[in-house]
Amino acid sequence: MQHFAFFVIAFLAVASALGLVLRRNPIHGALFLVVNLGCVAALYLMLGAEFLAAAQVIIYAGAIMVLFVFAIMVLIPKKEETGPDPLRPARLVAVPVGVLLLLEIWLVWKSPLLSTPGSIHPPGDIGSVGRLLFSTYLFPFEVTSVLLLAALVGVLALAKRRSS
Amino acid sequence: MVPESYYIGLSAILFTVGVVGVLVRRNPLVIFMSIELMLNAANLALVAFGHRFGTADAQALVFFVMTVAAAEVAVGLAIIVAIFRLRHRLSVDDLSLMRW
């Protein structure tokens with residue numbers, strides 16, 4: 001079962017990576033990259049790295065990709081999506097897929113996995129990562145904040161329109 | 001249990017696709033996204049090795065890589081926007097000069 005899941009996710013990851021490289025339209029590439037990042041997040045979960053999976057979805061698929069899509073929209077304005085919706089048949093599939101997903105959520109909710117407390121603590125659980133970050137890697141962690149501040153200031157300096 | 005070598009192999013494939021993207025494409029935005037792909041492949045390899053050797057250090061390292069990637073994307077996109085303002089074209093072939 002785990003092998004099956006791994007191969008499905010791996011296939012999706014490779015296919016979306018190829019889509020990113022091969023599609024001409026950068027916005028399609030960005031959406032493919034979101035799929036790829038989601039697949040990598042799923043693989044993190046399979047490896048027992050829950051914290052990284054959540055961070056991957058929030059930081060990469062959320063924040064960074066929004067930045068990318070924003071930049072693409074600003075820089076390539078001539079390929080605006082206008083006219084009739086090219087994905088009209090997809091709407092017919094949307095309802096059954098939505099029902100299926102709802103059913104899945106219900107099944108997960110009912111499953112005994114949620115009710116039994118986790119007994120094993122793999123070395124990569126969120127507690128040990130947090131303890132490492134604030135003990136062994138405390139100095140790099142603080143340097144990271146300086147890095148983010150430097151990036152913030154640098155972006156503001158770059159993006160400011162020169163008035164002269 | 002899926003052996004870690006599968007994850008390493010997948011990571012290698014994703015990294016290769018990212019390298020090909022950087023080499024083949026001319027749009028700097030797509031090149032940037034390919035770089036993100038490579039960073040992700042490296043992260044995946046790190047997590048797989050951390051799982052193999054039973055330490056959480058790899059995950060702390062991946063956390064730092066993610067932070068650096070976020071900073072890098074912000075600065076890189078700002079640079080691309082600044083270049084676009086100057087040149088009004090978006091192709092790395094135009095950017096062969098160090099100054100103009």
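**Core and contact between the chains**

Author: Of the 51 residues in the largest nonpolar core, the ones touching the most other members are A:Tyr44, B:Tyr7 and B:Met33. A nonpolar core is a set of buried Ala, Val, Leu, Ile, Met, Phe, Trp, Tyr and Cys residues joined through side-chain atoms within 4.5 Å. Buried means under 20% relative accessible area, exposed over 50%, and partly exposed in between (1.4 Å probe, protein chains only). This is a predicted model, where local features need pLDDT of at least 70 and side-chain atom pairs count only at pLDDT 80 or more, while totals for chains, interfaces and linings use all residues. Residues are numbered from 1 along each chain as its sequence is written, chains are lettered from A and ligands numbered from 1 in the order in which they are written, and side-chain values use heavy atoms, with hydrogens and water left out.

Reader: Which elements give two or more residues to this core?

Author: In chain A they are helix H1 (2-22), helix H2 (26-46) and helix H3 (50-75). In chain B they are helix H1 (4-24), helix H2 (28-53) and helix H3 (57-87). The largest share, ten residues, comes from H3(A). Helices (H or I, at least four residues) and strands (E, at least two) are DSSP runs, numbered from the N terminus.

Reader: What does B:Tyr7 touch?

Author: Not counting residues up to four places away in sequence, B:Tyr7 touches A:Phe6, A:Leu43, A:Met46 and A:Leu47 in chain A, and B:Val2, B:Leu44 and B:Ala48 in chain B. Contact means heavy atoms within 4.5 Å. A second, separate core of seven residues includes A:Leu132, A:Leu133, B:Phe63 and B:Phe64.

Reader: And B:Asn43, is that residue buried or exposed?

Author: B:Asn43, in helix H2 of chain B, is buried, because its relative accessible area is 0%. Leaving aside neighbours within four places in sequence, B:Asn43 is in contact with A:Tyr44, A:Tyr60, B:Val62, B:Val65 and B:Met66. Helix H2 of chain B also holds B:Ser34, which is buried with a relative accessible area of 0%. Beyond its neighbours within four places in sequence, B:Ser34 is in contact with A:Leu20, B:Gly18, B:Gly21 and B:Val22.

Reader: How many residues does each chain give to the contact?

Author: Chain B gives 54 residues and chain A gives 59 residues. The two chains bury about 5000 Å² between them, 80% of it on carbon and sulfur atoms. In chain B, B:Met33, B:Gln59 and B:Met66 lose the most area to chain A, together 14% of what that side buries. Buried area is the accessible area (1.4 Å probe) that two parts lose on being put together, summed over both.

Reader: How many salt bridges are there between chain B and chain A?

Author: The count is zero, where a salt bridge is a side-chain nitrogen of Lys or Arg within 4 Å of a carboxyl oxygen of Asp or Glu.

Reader: Changing topic, what is the secondary structure of chain A?

Author: Chain A has seven helices and zero strands. Buried residues make up 29% of its 164 residues.

Reader: Where is A:Val108 found?

Author: A:Val108 is in helix H4 (residues 88-110) of chain A. A:Val108 is partly exposed, with a relative accessible area of 47%. Its C-alpha atom is separated by 19 Å from that of A:Ala53, 55 residues apart along the chain.

Reader: Is A:Phe11 buried or exposed?

Author: A:Phe11, in helix H1 of chain A, is exposed, because its relative accessible area is 61%.
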